[in-house]
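The sequence and structure come first, and the notes follow by topic.

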Amino acid sequence: MIVAGFGFSTRATLASLQGALAATGGAPDALATLADKAPALAPLARAMGLPLHEVFGPLPDTPTQSPASQRARGTGSVAEACALAAAGPGAYLMAPRVISPDGLATCALAKGNGQ
């Protein structure tokens, strides 16, 4: 199972989220983000016909280390952490997070056995 994890600003639009996903070049089986951000990602999940996983802490360590993300959410990359958490035990990142063209969203893909 491939999970696309997302981190994004409150200013992010559906186009921001689509742009971040497109930048990964992947085709996920599910989407994931932090529980408090899930309502904003739900329209993309519905449009794609994919399940949406709400991620609650604690979040796993990530290769990317954004100081702003670390201060705000306690993880170096919300997108990477959400992808890994939702993909389940033993999951691994297929590539580090990418940023949407407008800079308002990030997306990372993780591969795992699923939950």
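**Packing and contacts**

Beyond the residues up to four places away in sequence, V55 touches A32, T33, L34, A35, C82, A85 and A86. The model is predicted. V55 is also one of the residues that touch the most other members of the largest nonpolar core.

**Nonpolar cores**

- The largest nonpolar core has 17 residues, and V3, A32, V55, C82 and A110 touch the most other members.
- At least two residues of this core come from each of β2 (30–34), α4 (78–87) and β5.
- The biggest share comes from α4, which gives eight residues to this core.
- Another core, of 15 residues, lies apart from it and includes F8, A20, L21 and L44.
- In soluble globular proteins, nonpolar side chains tend to be buried together.

**L109 in strand β5**

- Strand β5 covers residues 105–111, and L109 lies in it.
- L109 has a relative accessible area of 8%, so it counts as buried.
- With neighbours within four places in sequence left aside, L109 is in contact with I2, V3, A4, T24, G26, A83, Y92, L93, M94 and A95.
- One of these contacts, V3, is among the residues that touch the most other members of the largest nonpolar core.
- T75 is 34 residues from L109 in sequence, and the C-alpha to C-alpha separation of the two is 16 Å.

**Charged side chains**

- How many salt bridges does a search of the whole structure find? The search finds one.
- The salt bridge joins R73 and D36, whose closest N and O atoms are 2.9 Å apart.
- R73 belongs to helix α3 (residues 67–73) and D36 to the loop between β2 and α2 (38–48), so the pair ties together parts that are 37 residues apart in sequence.
- R73 is partly exposed, because its relative accessible area is 34%.
- D36 has 52% relative accessibility and therefore counts as exposed.
- K37 lies over the face of F8, at 4.7 Å from the ring centre.
- F8 itself is among the residues of the core of 15 residues.
- For aromatic pairs, a search of the whole structure finds zero.

- S66 is placed in the loop between β3 (52–55) and α3.
- Its relative accessibility is 18%, so S66 counts as buried.
- S66 touches T75, G76 and R97, when residues up to four places away in sequence are not counted.
- T75, one of the residues that S66 touches, is also the residue set 16 Å from L109, C-alpha to C-alpha.

**Cysteines**

- The number of disulfides in the structure is zero.
- A disulfide is a covalent bond between the sulfur atoms of two cysteines.
- C107 is buried, with a relative accessible area of 0%.
- C82 is one of the residues that V55 touches, and C82 is also among those that touch the most other members of the largest nonpolar core.

Key
Residues numbered from 1 in each chain as written. Predicted model: local features only at pLDDT ≥ 70, side-chain atom pairs only at ≥ 80, totals over all residues. Heavy atoms only, no water. Helix = DSSP H or I, 4+ residues; strand = E, 2+ residues; numbered from the N terminus. Buried < 20%, exposed > 50% of the residue type's maximum accessible area, 1.4 Å probe, protein only. Contact = heavy atoms within 4.5 Å. Core = buried A, V, L, I, M, F, W, Y, C linked by side-chain atoms within 4.5 Å. Salt bridge = Lys/Arg side-chain N within 4 Å of Asp/Glu carboxyl O. Phe/Tyr/Trp six-rings, centres within 6.5 Å; stacked < 30°, edge-to-face > 60°. Lys NZ or Arg CZ within 6 Å of the ring centre and 35° of its normal. Disulfide = S-S within 2.5 Å.
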